[in-house]
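Please work through the following exercises with the sequence and the coordinates at hand. Each task is followed by a solution in steps.

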Amino acid sequence: MRIAALIACAVLAAPVPAFAADHLVADPAAYAAAVKKAKPGDRIILRDGVWRDFQIIFTGRGTADKPITLTAQTPGGVILSGQSNLRIGGEHLVVSNLVFRDGYSPTKELIAFRRDSKTPASNTRLTGIVVDRFTNPDRRAEDHWVAIYGTDNRVDHSWFAGKGNGGVTLAVIRPKGQPGENRARIDHNFFGPRPPLGSNGGETIRISTSDESLSDSRTIVENNWFEGCDGEVEIVSVKSGGNIIRGNMVVESQGAIVLRHGNGNLVERNIFLGRGKASTGGIRVINRDQIVRHNYLENVTGTSFLSAIAVMNGVPNSAVNRYHQVANAVIERNTIIDAARITFGAGADAERSAPPVSSRFDRNLIYTASGKDIVRVEGDASGIAMTGNVQSGPPPKGLTGFTQSDIKLVRAANGLLYPADPALANVGAPRDLVMLKREDAGPSWYPKNAAAATGRTLDAAPGALAQAVAASGPGDTIRVAPGTHRITAPIAVGHSLTLTGPRAAIIESAAPTLFQLTPGGSLHLSGVTLSGAAASPTAERAALIRAPQSVSILNYRVSLSDVAVRDTADVISTTPGTFAEDIAIRRSTFAKVSGAVVAAAAETGSKGLYSAERITIADSDFTDVATIADVARLGTDESTFGPWFAMTGNRVVGGGAVRLSGVQNVVITGNRFDSGQGIAIANSVGAPVVRITANVFAATPEPAITRLYPQGTPDIVLADNQMEALR
Ligand code: CA
């Protein structure tokens, strides 16, 4: 097939030999020479292989019909690794089918649409580019992966995932004092998982900055797929005017599309599928002349600024970087299904005292299976004319323009829910909405679950476990053979790794740490036995799994499934400056643990930092375990979503203390505690949720719930718990 195509090309090319030429290059010097003499229509082709530490400068002047192209010998065959980056300057250029992996940019911009401040790119296209975890290991070091300067540039069918450090994934940049129209087009890209950054600066897309926000960029962001874009509260941060955000899929992403600065933007036909994931948001409206219409939001859980629709209060005579008053907003025919909240006047306070004016909220469809009213007014909503809205719950108090209806929804061929009643045909999102297919975003040749797809399976006999881990790569699984694996020095784990084996595969630690995670490491254990029995009693407080010892951008995960653990101080020990995105324990047994199974109280400052976002402990047995979990988030900061703690279906005999301070969401249900120390919960500020239900406390004290501060509104339910005397 390929030979036939080459012959066909040769035959076609034969009559015009003086024109377009392909230059296959194998090293940076040959590349530079080829760029220098490239003519319109030429293609510079990087030979397949790994190009390490290659800082590419691609310049030239093509024409609309005959662009100059930089590409790979085969799509995905060229890997740019190490300290590599790309600068593009000129016009009518195309860069395609390159992969950035295993490294990070030595500069503040990985891919820049300019060679330098005097040489931007225009009419240039970046297509089929993969940036796969090409991330600076210092979470505080900021860089942008793609910086679009110039005009009429396009980024399409590209793949971006795994940015762990600060800085925007893709930014449209208007240099100070150059607020012209960019007319950038960003379409059919796959924006894959971006972990929570834990601060501002984790946006996936940002268009301009507040300084230049009062003019039009006219950028179009359409038909992109956002998945797990959890970096911060803004997934797309619009900071200019005249932009269109259209037809995008926003799937299980924490955050919102935010019309932060700039006027006259259009947000339409986007589909948000929160799937019940925490802090999944919708669209936040600020400034003048914004249109939000024909969007579809299902199962988004965010409230306040992350509401399905949040219309903010502004600041009177606002500075350009604060909040301009909402005026002339049109919010019409959106469908909002099983969302947690719609908020008008969001953020109203002494500074943000200017309510929305001259605005409309019209013919929106609001459905909740629970029949709840989800509309909240935090300020004065009288400047928003509400008409023709239909909702399943009771009309919001104090508002007109909402009709309560017994809405029956039917899932249509496009995968979206619509009311069965033909009388509601003109309420909510239109019938012709299209869900972008996941396979139509990003390049067809790069798998969207790359980490899982690349894993190999290795074997480790007794005596060979440390070597097997050292030889493993991201996503690998090591089968641990039955027998005793005596470990005398900590085993470093610097990538996602699974160890699986039978209970008879006993990993016995003679060191104060068994598994030492390093930045980028995650550990999943299945089936095996862990024992600290051989550790010296005089050693430092032992832990079987220890978080990285240095500050890291890379959040880690630990899971234990069907694992037996015995004879240690701590099992999972967190450290300051590192962040566990998920700690999950299922169907495991723990015996003789003198410290904590999950020691997550490492952060001690008052800034609201904490060590683990989500902790799940389920269907496990704890015998003679001093502490099951010690979790702390200190201080009075209200801007974090976690920690979350869930403990369900466990059996605890003796000890088994659970200490939770400042945890935002606690579920403890269906557990049995025998002769235990009990549960101590200290609630902080904000609105923490505590559910303790259907537990048996036998010869165990009742849960003790206290408040650390007078402010805050904890929501506490204790129900169906059974107190028993010792049998
Ligand atoms: Ca931000």
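The exercises below concern a predicted model.

**Exercise 1. Describe the open sheet of 11 strands and its edges.**

Solution. 
Step 1. The strands follow the order 44-45-48-51-54-57-59-61-63-66-69, and their pairing is parallel.
Step 2. Strand 44 (457-460) and strand 69 (715-719) are the edge strands, each pairing on one side only.
Step 3. From one strand to the next, the twist averages 10°.
Step 4. Strand 54 (residues 556-561) and strand 57 (residues 580-586) run parallel and are joined by six bridges. Leu-560 has Ile-585, in strand 57, as its bridge partner.

**Exercise 2. Determine whether Leu-499 is buried or exposed, and list what Leu-499 touches.**

Solution. 
Step 1. The cut-off for buried is under 20% relative accessible area. Leu-499 is buried because its relative accessibility is 0%.
Step 2. Leaving aside residues up to four places away in sequence, Leu-499 touches Leu-465, Ile-478, Val-480, Ile-507, Phe-515, Leu-523, His-524, Leu-525 and Ser-526.
Step 3. As for a residue elsewhere in the chain, Ala-147 is 352 residues apart from Leu-499, and their C-alpha atoms are separated by 40 Å.

**Exercise 3. Classify the aromatic pair of Phe-100 and Phe-134, then that of Phe-590 and Phe-622.**

Solution. 
Step 1. The whole structure holds 13 aromatic pairs.
Step 2. For Phe-100 and Phe-134, the centres are 5.6 Å apart and the angle between the planes is 70°. Planes over 60 degrees apart count as edge-to-face, and this pair is accordingly edge-to-face.
Step 3. The pair links distant parts of the chain, 34 residues apart: Phe-100 is in strand 9 (residues 99-103), whereas Phe-134 is in the loop between strand 13 (130-132) and strand 14 (144-148). Phe-100 is buried, with a relative accessible area of 0%, and Phe-134 is buried at 0% relative accessibility.
Step 4. Phe-590 and Phe-622 form a stacked pair, 4.9 Å centre to centre with 5° between the planes. Phe-590 lies in strand 58 (residues 589-600) and Phe-622 in strand 60 (residues 621-632), 32 residues apart. Both Phe-590 and Phe-622 are buried.

**Exercise 4. Over which rings do Arg-114 and Arg-614 lie?**

Solution. 
Step 1. Arg-114 has its charged end over the ring of Tyr-149, 3.9 Å from the ring's centre.
Step 2. Arg-614 lies over the face of Trp-644, at 4.6 Å from the ring centre.

Key. Residues numbered from 1 in each chain as written. Predicted model: local features only at pLDDT ≥ 70, side-chain atom pairs only at ≥ 80, totals over all residues. Heavy atoms only, no water. Buried < 20%, exposed > 50% of the residue type's maximum accessible area, 1.4 Å probe, protein only. Contact = heavy atoms within 4.5 Å. Pairing = 2+ DSSP bridges. Helix = DSSP H or I, 4+ residues; strand = E, 2+ residues; numbered from the N terminus. Axes fitted to C-alpha atoms, helices over the stretch in contact; angles between N-to-C directions. Phe/Tyr/Trp six-rings, centres within 6.5 Å; stacked < 30°, edge-to-face > 60°. Lys NZ or Arg CZ within 6 Å of the ring centre and 35° of its normal.
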